[in-house]
Amino acid sequence: MGELVQHLLNATVLGGTYALLGIGLTLIFGIMRVVNFTHGELYAFGAYCMYALVMMMGVNFYVALVLATLMGVALGAAVEVLLLSRLRGADIDTTMLVMIGAWIVLQNTEQLVWSGVALSIHNPFPAEPFVFGPLSVSWNRVFVFLAAIALIASTYYIINKTKLGKAMRATFQDRNTAALMGVRIGRIHTATFALGSGLAASAGALLGPVFVVAPTMGDMAAAKAFAIVILGGLGNITGATLGGFILAFVEELGAGYISSGYRDAMGFLLIIIILLVKPTGLFAQKERIG
Amino acid sequence: MSQQSEVVLSIDRVAVHFGGLIAISDMTFSVRKGEIVGLIGPNGAGKTTAFNVVTGFLKPTSGEVRYRTTSLNGLKPHEIANLGLLRTFQRTSVFTERDVFQNVLTALHLQGRAKLWDTLLRTPREVSSESEMADQAREILRFVGLETRADERAGTLPYGEQRLLGVALALAGKPTMLLLDEPVSGMNPSETARFVQLVKKIRDTGVTILLVEHDMPMVMGVCDRIVVLNYGKIIAEGTPAEIQNNREVISAYLGEGKKRA
Amino acid sequence: MKRYWPWALVVLLASVPLWLTDFYLLHILITTGIFMIAAMSLNLLLGYTGQLSLGHVAFFGIGAYTSALVALGFEVHILPEYTISLAPKPVWFAMLMGVVVAGLTGYAIGKLSFRVRGAYFVIVSISFAEVVRLVAVNWVELTQGPMALNNIPALTLGAAGWEVSFLRKPAFYSLVLVVGVICYIVIARLVDSRAGRAMIALRENESLAMSVGIDVTRYLVLATVVSAAMAGMAGSLYTHYIRIVDPDIFLFVYTVTMVIMVVTGGKGTLAGPVVGGALFGAIPEVLRAFAIAPEVQWMIYGILMILVVYFLPRGIIPAVEDYLAGRKKRTQATKNALADSGAPRP
């Protein structure tokens, strides 16, 4: 029993960051209809930024987190403006191919700059875990969970309470009408991609110190992000949040009770099963954000 | 009373609900062999929805559609086409990126005889089947008057000719009944007149026709019978003359509260 | 004249083992040829039928593993008491099994996956390939996992005492050439037929295709089966050439390589995957001469793909065709203008 609760606890911590990944991608996928293959690379970018800031430049851990996230936002905006803005209106396979090209370039840049060595980032938390009863969780992870919740809440705020968020929701529901009502679709695209990328970078910045930083870390992150988007339904933030936790639970329990080798397969299997059984996702009754 | 020909299409109490929105509340009418029937009604009355139901693109919430003796409920569009019931589309009615000849060849799909092995091994059956279809394609293009356009990309054709090509595609399926979805919308008067000639020519070959249109002179001129749809229900049926004088139809088009002329 | 130059090219290619003695170059030609076959198969699904299938490497890998396992023989315990085993079979049979199993997988995937379309389908296809990869990594009893299946026998064909071995490069090159030409002909015949027109119609306008009587599911599945079987053939060739196969064969980067080949060459054209395959078979070798790191090589691929999408959106072959057609038109227009002006004909 204690083991089960420990698994659930681990899953809860992981779920928060998965949710960040998923929310970022579902916004991009939902509003822009772009199959964003660079999402995983933004995750890795966030982690590498943390490494550079904390380990190489001695920046304060918390400040570095904020900076890494902002740098993710900037990179996302740059990618959108440079590559995607020309392709607005193109069909989905064209943008997909460009995104694949961008992913290749980004990942190999990272590989070239950092080489393949796994790097670790020091964190300012006590090394001994926080223990209560039979359960233990490291302080680092507690922080990660809380930070993730804070970011998710901020995203909710942005989407539901700000003018930008309103414009994003309008674009999602009916872009033509939104454009007629004065929404600058181009700007919304850039903002969406930047926001989504920022969330991915923040997830990487948070998890980088927990695990290790390596150039291919983005690939699995991207795959899981896609699984979460499909679980939750395109453009559905609540769905993505819940999806993040569900995926984390399925992975934890699967790895714990079935086989750890297939841990990463859980996400894919989930995708396949859900898409075959309920193609619109577990939570998408009507497609909407917020 | 002249002998009435058999019913080929019967639509029986069909309803289509999209969640809370009622697109068609209760539609019942039938089309007899050799008729040209026009389905008219104000915008949003449910005409294209009706077409989509009949041709299998939409599942009705209730009701039944029968083509001759076969119930169409649950059949997929390609199965319905195989029964001889073919349609045109209002928009994107042709394969715009391919040339006219390839368009018709593609539409002759149901007339093909060869199997996969024949194709891969290029057996005599494959060669003769392809040759037959090429002949049929040329014949169809002659019939609709597009034989000079055979090598041109369908998307570059003038709008009126694209519509003709759309009809050619439907004819390739050797229809016994043809559903035309706003065939002359956007056409100028001379194109419309040319089209009407084509419609009559098609009917003379024995094909029954049901068309949806907004162009009243065209409809009144070519149809034997007219069915009027409003708010998802049939409000009138009859000959063009009867319909033109029908009070309900007039008020449906002009709206309530208008003074009578 | 125009009809025969492809055959002239084939004859030229066939003569290569007679005069090319550099085994390294032969190796490049062989691997390029294998990739071309894989690219042709992907082109059928991606280019002609318009389906964004990004799991294609799965079929390649399934063909490779099946062929290896049938040639080596295997024994697995499904349940503690229940064993499935197979004694080693002749290589030609193993390769055939590679094709068949890949094709069957294509059938199953086709039937299941096409319930979802568009971007969702892309994700399903990638997920499927990843699951297969993870199975290959983890089901060690069957696949040896990362330790790889090795000592895979080479192909030998023969009867009544006469035997041909495809162990050495020149012989294998000829095998790949023959298979490649056959695959090209298969695709060429398929796309110029009723079935091919149906597939293209699905790509162009699905509703219209349905309305003229085309059974969408049937042709999507058909395209997937042929495509998968052909990829399986490429995988079988690969297995009996390299003679070692490990789960890395299922990596997403190989799907990406195939996609790049098809897209830059020209999706939906016959020559596209051949040109794309040649290009991306040759580029690594050219870059090798400059001692460029593999990362940079991949970055060049990525940038190249982006540039192609922007500037030659339909690929190299259509761009060349457009250029030639444009030239023909201009020449014709010039001739017409000269004729109209009463000038003497050139």
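Good morning. I begin inside chain A, with helix H8: 20 of the 23 residues of H8(A) are buried, so this helix is largely enclosed by the rest of the structure. What I present is a predicted model, and every value I quote is computed from it.

Let me stay with that helix for a moment. H8(A) covers residues 185–207, and at 1.5 Å a residue its 23 residues should span 33 Å; the C-alpha atoms at its ends are 33 Å apart, so expectation and model agree.

Around this helix stands the rest of chain A, which contains eleven helices and two strands. Read from the N terminus, the order of elements is α-α-α-α-β-β-α-α-α-α-α-α-α. How many of the 290 residues of chain A count as buried? The share is 53%. The C-alpha atoms of the chain fill a box of roughly 60 × 45 × 35 Å along the principal axes. A compact globule with 290 residues would have a radius of gyration near 19 Å, and chain A has 18 Å, which agrees. As for the contacts within chain A, if we take those between residues at least 6 apart in sequence, 78% join residues at least 24 apart.

I turn now to how the chains meet. Chain A and chain B, by contrast, have no contact joining them, and their closest C-alpha atoms lie 12 Å apart.

In the pairing of A with C, 32 residues of chain C are in contact with 33 residues of chain A. On the chain C side, three helices each supply at least two residues: H5 (118–138), H11 (252–265) and H13 (294–311). H5(C) gives the most, with twelve residues. By class, this side of chain C has 25 nonpolar, four polar and three charged residues.

Is Ile126(C) buried or exposed? A residue counts as buried if 20 or more other C-beta atoms lie within 10 Å of its own. Ile126(C) has 25 other C-beta atoms within 10 Å, and is therefore buried. Leaving aside residues up to four places away in sequence, Ile126(C) touches Leu54(C), Gly55(C) and Phe252(C). Ile126(C) and Ala58(C) are 68 residues apart in sequence, yet their C-alpha atoms are 9.1 Å apart in space.

The other contact is the one between chains C and B, which takes 19 residues from chain C and 28 residues from chain B. On the chain C side, the elements giving two or more residues are helix H7 (169–191), helix H8 (194–204) and helix H9 (206–211). H8(C) contributes the largest share, six residues. The classes on this side of chain C are nine nonpolar, five polar and five charged residues.

Helix H8 of chain C also brings us to a helix of chain B. This is H3(B), residues 100–107, in which six of the eight residues are buried, so the helix is largely enclosed by the rest of the structure. Its buried residues are Val100(B), Asn103(B), Val104(B), Leu105(B), Thr106(B) and Ala107(B). What do these residues pack against? They pack against helix H5 (124–144) and helix H6 (159–171) of chain B, together with H8 of chain C.

Strand E7(B), residues 177–181, is mostly covered, with five of its five residues buried. In a regular strand the side chains alternate between the two faces of the sheet. In E7(B), Met177(B), Leu179(B) and Asp181(B) point one way, while Leu178(B) and Leu180(B) point the other way.

E7(B) has paired strands to describe. Strand E6(B), residues 85–87, runs parallel to E7(B) and is joined to it by three bridges. Within that pairing, Leu85(B) stands opposite Met177(B). Strand E8(B), residues 208–212, also pairs with E7(B) in the parallel sense, over five bridges. There, Leu178(B) has Ile209(B) as its bridge partner. Between E7(B) and E8(B) the chain crosses through helix H7(B), residues 189–204, and this β-α-β crossover is right-handed.

Thank you for your attention.

Technical notes: Residues are numbered from 1 along each chain as its sequence is written. Chains are lettered from A and ligands numbered from 1 in the order in which they are written. This is a predicted model: local features need pLDDT of at least 70, side-chain atom pairs count only at pLDDT 80 or more; totals for chains, interfaces and linings use all residues. Two residues are in contact if their C-beta atoms, placed from the backbone, lie within 7 Å. Helices (H or I, at least four residues) and strands (E, at least two) are DSSP runs, numbered from the N terminus. Ala, Val, Leu, Ile, Met, Phe, Trp, Tyr, Cys and Pro count as nonpolar, Asp, Glu, Lys and Arg as charged, and the others, Gly among them, as polar. The radius of gyration is taken over C-alpha atoms; the globule rule is 2.2 Å times the number of residues to the power 0.38. A residue is buried if 20 or more other C-beta atoms lie within 10 Å of its own, exposed if 12 or fewer, and partly exposed in between; C-beta atoms are placed from the backbone. The expected span of a helix is 1.5 Å times one less than its number of residues. Two strands pair if DSSP finds at least two bridges between them. A crossover is right-handed if, with the strands pointing away from the viewer, the path from the first strand over the helix to the second runs clockwise.
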